[in-house]
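I opened my notebook for a structure that was new to me. Here is what I looked up, in the order I went.

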Amino acid sequence: MPVLVKNQQIVPDPWQLLETIPDYVPTNAIVPVDQLVNTKANAVWVDGDLEVDDHGEELAKLDLVAVHFPMFADGRGLSLGTLLRNRYGFSGELRAIGEVQPDLTPFMRRCGFDAFVLESELAANTAIQCMESMSDFYQGSVIQPEPAFRRKRN
């Protein structure tokens, strides 16, 4: 059963991912991006290969964007997340869905993802441990734009 990790905690998932659009779309639905206009939803899911420049402005206004990772070796969704946060100022929930590997979540988090749907509670707990094990990075990122050598030391 899929488990949601948000802000490094296992939490209940208030959203419902829809792959096809029924006659009635609930307010807590995550709809495919091509159905955004038809449903007036406030959350969408996109594939990692989405051209962010074609949809960035409208995605930035939503409460939630879920990025689908079709396989663990496909990192295009990481670039999409970074662009949404940095270029378009997206401040809502950025969720990773699909083939999310627990050991990659710290790097996904650095690209702006703050929620992850994992395959089991064991995988979710492993992801949390992986994120907690890395407390600092040398390079700048979405969550810490300044590289280590430019940060003020106490």
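These entries go from the whole chain down to a single strand and its neighbours.

**Entry 1: the whole.** I noted at the start that this is a predicted model. I looked up the elements and found five helices and eight strands. Reading from the N terminus, I wrote down β-β-β-β-α-β-α-β-α-β-α-β-α.

Entry 2: The protein has 154 residues, and 45% of them count as buried. For the accessible surface I noted about 9,100 Å², with 50% of that belonging to carbon and sulfur atoms. I also checked contacts between residues at least 6 apart in sequence: 53% of these join residues at least 24 apart.

**Entry 3: the sheet.** In what order do the strands of the open sheet lie? I traced β2-β1-β8-β7-β6-β5-β4-β3, eight strands with mixed pairing. At the edges I found β2 (9–11) and β3 (16–17), each pairing on one side only.

**Entry 4: strand β5.** I then picked β5 (residues 43–47), which runs parallel to β4 (residues 29–32) and is joined to β4 by two bridges. Val31 has Val44 as its bridge partner, and Pro32 stands opposite Trp45. With β6 (residues 64–69), β5 pairs over five bridges, again in the parallel sense. There I saw Asp47 opposite His68.

Terms used. Residues are numbered from 1 along each chain as its sequence is written. This is a predicted model: local features need pLDDT of at least 70, side-chain atom pairs count only at pLDDT 80 or more; totals for chains, interfaces and linings use all residues. Side-chain values use heavy atoms; hydrogens and water are left out. Helices (H or I, at least four residues) and strands (E, at least two) are DSSP runs, numbered from the N terminus. Buried means under 20% relative accessible area, exposed over 50%, partly exposed in between (1.4 Å probe, protein chains only). Contact means heavy atoms within 4.5 Å. Accessible areas come from the Shrake-Rupley method with a 1.4 Å probe; for residues, only the protein chains shown count as cover. Two strands pair if DSSP finds at least two bridges between them.
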